[in-house]
Amino acid sequence: MSQDTKTELRGVIRQRVTTLPGLATAAFVMLALSFPYLPSTGQFEVFLVAQIFAFAIAAVAFNVLLGYTGLLSFGHAAFFGGAAYAVGFVLRYTAISELFILLPIGIVTAAALAVVIGYISVRYTEVYYSLLMLALSFLIYVLMVKLYTITGGTDGLPISAPTVGGVDYVALWGYSGFLQGILYYVIAISFLISIGLMWIFMNSPFGLTLKTIRDNPERARAIGIPVIKYRWYATIVSGVFTGVGGVMYAVLNSHITPDTVLHWSRSGEFAFMAVLGGVGSFVGPIAGAGAFIMIRSQAQQLTEYWHFVMGAALFLIIVLEPAGIAGIAKRSYRKATESIRGDD
Amino acid sequence: MAVLQTKELTKQFGELTAVEEVDFQIERGEIVGIIGPNGAGKTTFVNLLTGVLNATVGDIIFGGEPLKNAPVHDRANRGLVRSFQIPQVCDDLTLLENVRSAILSREQRNSSLFSLLLWEDESRSEAIELLNEFGLGERQNLSAEAIPHGDKKILDVCMSVAMEPELLILDEPTSGVATENKHEIMKRLRNYFETTDSAVLFIEHDMELVAEYADRVFAMDQGRKLIDGPPEEVLEDETVKRRIRGEE
């Protein structure tokens with residue numbers, strides 16, 4: 001690379017970063033990384049935000065299919081729970097307890113499941129795809145419940161705190177120190193890397209290919225895109241990152257059961273988060289995951305009928321703002337800039 | 001050399017024979033118009049060529065190789081590209097993205113995960129150039145749903161052209177387009193293909209357009225070839241006059 005193109009590239013990067021989305025991203029990253037050390041942040045808040053990050057990875061991954069490829073999966077619990085259970089099995093049946101080994105094992109498991117389940121499901125579209133994904137993921141749920149001598153059945157599996165880089169931080173700092181000093185950062189950084197990678201994928205030719213398929217499969221074929229193959233690839237990419245979310249959830253929660261990670265309602269929650277945040281926007285599902293976890297945590301403290309509160313929230317967003325939280329944000333931003341321009 | 005050739009191409013739907021033993025060929029650089037009354041089997045014939053349907057009997061030789069039952073996308077990648085009668089574009093994408101998607105696909109870069117489109121100029125400039133050539137350049141950043149039907153039709157053709165086809169098949173390229181714009185589309189196409197040696201095959205009902213833009217006319221009736229030859233000869237043929245042009 002010559003000096004000129006380097007300066008040019010630097011100029012381009014500077015231009016990109018100093019736009020509003022660039023600044024917002026930078027602010028978000030800094031807030032995420034300093035969060036445990038902010039005044040008034042306690043163990044509960046750190047746990048809650050880490051949980052949001054874990055779910056946000058899965059929600060954005062889910063939206064790679066729904067928003068970008070036009071496929072509604074009701075089987076994402078299989079990838080989320082599959083990765084979580086892989087971690088659980090390794091902890092139970094081997095002496096391995098190193099996070100940097102557990103994470104790749106979880107990812108590979110999610111990828112393998114997505115390869116197989118996706119291969120079967122992408123032959124169909126619309127409701128048939130959704131239901132086939134649902135059926136295949138339910139199969140895994142039932143297996144985990146029924147093979148209880150191996151899987152722990154409905155009691156699930158304990159997830160003991162892993163070592164990170166070979167160091168047992170729980171023994172050194174206690175659980176609270178481990179959560180706030182290490183685990184939170186592992187999850188936050190996994191979140192940032194996963195979101196960054198997916199953003200690059202969706203803004204590369206691969207993402208444009210998926211959007212072409214979403215908008216018009218017939219046209220996609222006519223310009224030489226093997227539609228079924230790319231729906232499959234999208235399912236695999238989505239499944240892999242959903243698996244990252246699943247591993248993070250498992251390690252954070254210290255315990256997994258078929259009902260918490262593999263049940264079909266978990267797949268429904270990803271759909272909920274994506275729609276709440278806005279499927280037409282890349283970052284929408286992150287806001288959706290955040291709003292979902294916050295609303296649920298507040299509602300659970302208020303009433304035992306918290307499901308009702310969640311249902312009402314989803315109902316309102318679909319009726320009033322189908323573009324989700326991202327839609328509201330975009331509109332307020334436009335209004336704000338208009339009123340600023342109006343002042344001139 | 002023939003770009004494409006069919007031998008006794010036949011398609012049956014149950015009892016109905018939509019296309020019957022059609023022998024057809026098209027040379028490099030040739031522009032051929034297909035005409036025929038409604039139900040003559042023109043669209044079925046085109047669907048057989050592009051792989052939307054598979055032939056009951058017969059084969060299609062493209063670029064010297066039999067196509068067998070190669071799927072639509074495979075044929076498109078080999079250079080056998082079609083446009084649609086009802087324009088098929090991606091409504092939520094901008095005109096630029098629509099054309100760019102076709103260019104990236106032609107370059108077999110669909111699976112590229114790590115090349116941000118923001119920073120990639122080659123396919124962007126090529127797409128802009130093409131849009132300019134077809135008169136859509138100024139609206140490159142509009143989403144496709146925001147442009148009128150006639151322009152969508154041009155965008156549809158533009159996406160097909162972006163594939164740099166060996167053979168471009170146009171299914172009624174001017175249907176639904178205002179009369180005064182029909183010539184514009186055809187002229188832009190002719191200008192574009194004058195610089196290449198690609199072949200163009202188009203279905204058309206407007207005999208004036210056929211007479212003006214086709215090097216050769218292939219007339220079909222009841223699933224069969226009626227007559228094949230230069231426009232002045234085919235259009236003056238008595239059966240064509242009676243069956244297709246509706247003259248007594």
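This is a predicted model: local features need pLDDT of at least 70, side-chain atom pairs count only at pLDDT 80 or more; totals for chains, interfaces and linings use all residues.
Visitor: Which helices do the buried residues of helix 5 of chain A pack against?
Guide: The buried residues of helix 5 include Leu102(A), Leu103(A), Gly106(A), Ile107(A), Ala110(A) and Leu113(A). Residues three or four places apart in an α-helix point the same way, because there are 3.6 residues a turn. The partners of the buried residues of helix 5 in chain A are helix 4 (76-93), helix 6 (126-146) and helix 11.

Visitor: What radius of gyration does chain A have?
Guide: The secondary structure of chain A comes to 16 helices and two strands, and 45% of its 344 residues count as buried. A compact globule with 344 residues would have a radius of gyration near 20 Å, and the value for chain A agrees with this, being 21 Å.

Visitor: Which helix of chain A gives the most to the side that touches chain B?
Guide: In the contact between the chains, 23 residues of chain A meet 32 residues of chain B. Helix 8 (169-202), helix 9 (205-215), helix 10 (217-222) and helix 11 (227-253) of chain A each give two or more residues to this side. With seven residues, the one that gives the most is helix 9.

How values were computed:
Residues are numbered from 1 along each chain as its sequence is written. Chains are lettered from A and ligands numbered from 1 in the order in which they are written. Two residues are in contact if their C-beta atoms, placed from the backbone, lie within 7 Å. Helices (H or I, at least four residues) and strands (E, at least two) are DSSP runs, numbered from the N terminus. The radius of gyration is taken over C-alpha atoms; the globule rule is 2.2 Å times the number of residues to the power 0.38. A residue is buried if 20 or more other C-beta atoms lie within 10 Å of its own, exposed if 12 or fewer, and partly exposed in between; C-beta atoms are placed from the backbone.
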